[in-house]
Structure formats: C-alpha cells, structure tokens
Amino acid sequence: MQTPHHSPADEAFMREALALAAQAIGLSEPNPRVGCVITDSAGRVLGRGFTQEAGGPHAEVMALRDAAALGHDVQGATAYVTLEPCSHHGRTPPCCDALIAARLGRVVAAAQDPNPLVAGNGSARLRAAGISVTTGLLADASRELNIGFFSRMLRKRPWVRLKTAISLDGRTALENGRSQWITGEPARIDGHAFRKRAGAILTGVGTVLEDDPRLDVRLVDTPRQPLRVIVDSRLETPPAARMLQPPGPVLLYAAGHDKTREDALKARGAEIAFAPGPSGKVDLPSMLADLAQRGVNELHVEAGHKLSGSFVREGLVDELLVYQAPKLLGLGQGLASFGPIDDLADALALRFVSVERLGDDLRLVARPPGREHF
C-alpha cells in the first residue's frame, strides 16, 4: 500500500496532538492516551483536547468542545488524532460519530486502534460518511506513548517494566540489605514519573517485609494512584504494612488459602486474588493475564533480586528501567537472581533504547531486541 503524503504542517499538528496526548498520562487509564488538534484549511487551530479519565470524554470530543467554546465552525476542518477514532459504545459514544456529526472534512490518525472493537472500523465509518482519512503519520510515536495499551490489546498482558537503582558495579543493595539511597533526588523523582505512567505498581512480599515501602506516587503530581500489587504466595504481608494504608487500592496475589490471614488483610482493605503455580508459588503469567483483564496497561515492577529474577527467567520483562549511580558498593545484592548460565551466548541480550543523565546518575532504558513488535 502506498504511504499517503503528509505535509510538514501535518507533521507539526500531529506532534502537537502527541504533546496533548502525553497530558493524559496518569489520567486516562485504562483507556489509551490520545490527543486531538482540529485545524481549518488555512492552518488555524480551532480546537484542542486530550482524553480524560475513564468514563469521561475522549480527545476528539474535548477538541470539538474546545472549538465550540471558542466560537469556531469546524465544518470541513481537519482533525489530527494520535489514535484512530473509536467506533464502539463503551462508557462513551463512538468518537467517529461525533466527528461525522460535526461534518469534518478530513481526519489524520497516527495509528490504527489495536482494540478489536475498533481495529479499522472507525476509519471505515468516517470514510463511509465522506470524510477523508489517512493513517500512519508518526505512528511509532503514538504506539510508544501507548505501548501498554497495545500490549494489553494484542498480547492480553500488560507491558512489564522492571525498575531498579544500581551502583556502578551493579549492586541494588548492600550485603545487609540497605538500599536507601543509591541514587540522587533527580533519579528518584524521575522514577515516580514512571510510577505515574503505570496502571499498577508491583513488588514482592520479601520487599514488604524488609523495607515496608509505600510504593505510591508522591514526588510528582498525579490525578490518580496506581493499583499497588504484592506477590505474596503464602499471605505473609503484615496487616500493618504501609502498602495497606491509603492512598489507592491494594491487590495481593497468593498461591494458597489461609482464612485467618485473608480475613486480616481484607479487613485492611486489601483484595486477594489467587494464581497458584505448580511450585506452590504465584504463577506469574497467570497473574499478568489477570491484571490485563483488570485493565492494567503498564505494570511497573520494583522488587527484590529474587522476584526480579523470576520475571527475567520466565521471559516476562519487556523493559528495564535502570538508574545507575557512580558508586561502588562491593559485596551486595544484584539486580536479578537467575541462572546460572554456562555460556555467554545464553545471556539475556538487550538493546539500549535511551541513556540520559539525571543529576549525577544515569537513566538507562533497555529492552530485549524486538520486544515491542507485537
């Protein structure tokens, strides 16, 4: 298929729409982050919008409302949308119907919606109504912004991001377990920005027992707190654990029942789900499938070396988010315990997606080659 021609102005407006879509991070979950810019034939912006909280208006409706509030007529206008307008009735009516009713002349969509309920149907309905539709402009950027949504729609599991802070010699904690703080404040703030992206933040019961973390979003502003998840095969989480305190919901995954412990944890507001595996531990793939059904797009894992090693060993890590400090800790705990492997050729191969300096530290983002191609 021939790639449709898009002008420099088209690209500029789509980049503006992508910037709007980024404002939906931490707001629109489980819906995708979408931005919309509506322009007239002279290139004047008539309206802007981005997707609101679940059940609220989508980007296209927000842009149409913005144009109406400014007194602009959008008949014959062009809408730049970072994801194909939806065509199904969910919590809100189809966005393609709103665009058709507004009598737009053209829609430029960055990427096709991977939701099977849409998947080209939105574009088809717009074309059937006489509206010109093109897709593919900055599609990779749109997909990257919504990597978790694409993962949940196409793989039926969240995008798993494993976050850790390490020293220059690869230690995540001292031999006695102390780890606060390896990195500086800029790295910690950035880590909370990634927490904000997530539909759920996960750790293991070992970390709960050793560090008693809150595992919420505190260092950046957020309109919502992600779901907090504890992998706790034997329900050893203390009812007084800080993760069971507000803000936000808490979900524990266990491998077996213990009514006394279940009742104590439920009394603290925790929900308990069961995903037993053959080894008496939580089955991680089953857990991921369940989290997807709960609408989790991105799963942010901050766990100890044992649980992190299990995610790596089972091939479940899609992305490593590593903050590295210019320190040497000597003896201590590593990033992930798995293996042993007998040959370097058997090592988990990764490719760097980005490397950025944050204060005195580095932020490294790495993925297994081709992992995002699904």
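## Cavity and pocket

The largest cavity has a volume of about 50 Å³, in what should be read throughout as a predicted model. The count of cavities of 30 Å³ or more comes to one. Its lining is made up of S28, E29, N31, P32, R33, L145, N146, G148, F149, N297 and E298, and these residues divide into three nonpolar, five polar and three charged.

The second largest pocket has a volume of about 440 Å³, and of the 26 residues that line this pocket, N31, P32, H58, H88 and N115 are the closest to its centre. Helices α2 (59–69) and α6 (147–155) each supply at least two residues of the lining, with the largest share, three residues, coming from α6.

How many of the residues of strand β13 (residues 319–324) are buried? Six of the six are, so the strand is largely enclosed by the rest of the structure. The side chains are divided between two directions, with E319, L321 and Y323 pointing one way from β13 and L320, V322 and Q324 pointing the other way, and all of them are buried.

Two pairings of β13 can be described. With strand β6 (residues 159–166), β13 pairs in the parallel sense over six bridges, and in this pairing I166 has Q324 of β13 as its bridge partner. With strand β16 (residues 361–367), β13 runs antiparallel and is joined by five bridges, where Y323 stands opposite R363 of β16.

## Two helices

In helix α10 (residues 284–293), the residues L284, M287, L288, L291 and A292 are buried. They cover an arc of only 140 degrees around the axis, which puts them on the same side of α10. Just after α10 comes G295, which takes a positive phi of about 90 degrees.

Helix α4 (residues 121–128) contains S123, which counts as buried because its relative accessibility is 5%, under the 20% cut-off. Leaving aside residues up to four places away in sequence, S123 touches E84, V133 and T135.

## Backbone details in loops

| Peptide bond | Omega |
|---|---|
| E29 to P30, cis | near 5 degrees |
| P246 to P247, cis | near 10 degrees |

As for their places, P30 is in the loop between α1 (8–22) and β1 (35–39), whereas P247 is found in the loop between β9 (227–231) and β10 (250–254).

Positive phi values in residues other than glycine also deserve a look. A119, in the loop between β4 (106–109) and α4, has a phi near 40 degrees, which is positive although the residue is not glycine. L138, in the loop between β5 (132–135) and α5 (139–145), likewise has a positive phi, near 60 degrees, in a residue other than glycine.

How values were computed. Residues numbered from 1 in each chain as written. Predicted model: local features only at pLDDT ≥ 70, side-chain atom pairs only at ≥ 80, totals over all residues. Heavy atoms only, no water. Helix = DSSP H or I, 4+ residues; strand = E, 2+ residues; numbered from the N terminus. Buried < 20%, exposed > 50% of the residue type's maximum accessible area, 1.4 Å probe, protein only. Contact = heavy atoms within 4.5 Å. Arc of directions from axis to C-beta. Pairing = 2+ DSSP bridges. 1 Å grid on protein atoms, 1.4 Å probe; cavity = no way out; pocket = protein on both sides within 12 Å on 5 of 7 lines; lining within 4 Å. Points joined across faces, edges and corners; volume = space filled by probe spheres on them. Nonpolar A, V, L, I, M, F, W, Y, C, P; charged D, E, K, R; others polar.
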